[in-house]
Amino acid sequence: MSSSSNNPDTKGFSEEDSTHSTSKEPLALPDSSTSVGGGVVNDDVRSLKVGGSLSLDDLGPIIVNKDGTTSRVTNWLEMGKEEQERTQRMIKKRNEKRLKELKEKMDKGEL
């Protein structure tokens, strides 16, 4: 019984909804003229040359969690400029404190 109506993951979808093409034609690659020197292709897509660098500052500051993992502010782009600046100052102070605590734990062999 492999019917999609019995499978909860595919409920409401039919074989016609599938994105798999039955055509034997190969998929075309985008025109290479849209990428200039490995830089920004458009506002949504970035490319990077080997050995190059890419700034991710527009994604907001990196947060150091208590366990040492990292994350980002999910609503960074929706914040106003002043709110971003306040948030960045607060995160910087908290990150410094957490990194100090994590280093101390590492030095004591607790991590």
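Predicted model: local features only at pLDDT ≥ 70, side-chain atom pairs only at ≥ 80, totals over all residues.
Residues are numbered from 1 along each chain as its sequence is written. Local features need a pLDDT of at least 70 and side-chain atom pairs count only at pLDDT 80 or more, while totals for chains, interfaces and linings use all residues; side-chain values use heavy atoms, with hydrogens and water left out.

Start with the whole protein, coloured by pLDDT (the predictor's confidence in each residue, from 0 to 100). The average is 75, and 63% of the residues score at least 70.

Select residues 7-21. Here pLDDT stays under 50, and the model has five contacts beyond four places in sequence; a contact means heavy atoms within 4.5 Å. Then select residues 33-40, where pLDDT also stays under 50 and there are nine such contacts.

Switch to a cartoon view. The protein has one helix and two strands, in the order β-β-α along the sequence. Helices (H or I, at least four residues) and strands (E, at least two) are DSSP runs, numbered from the N terminus.

Select helix H1, residues 81-108.

Within H1, pick Gln-84, Thr-87, Ile-91, Asn-95, Arg-98 and Leu-102, its buried residues. Buried means under 20% relative accessible area (1.4 Å probe, protein chains only). These residues pack against strand S1 (62-64).

Technical notes. Buried < 20%, exposed > 50% of the residue type's maximum accessible area, 1.4 Å probe, protein only.
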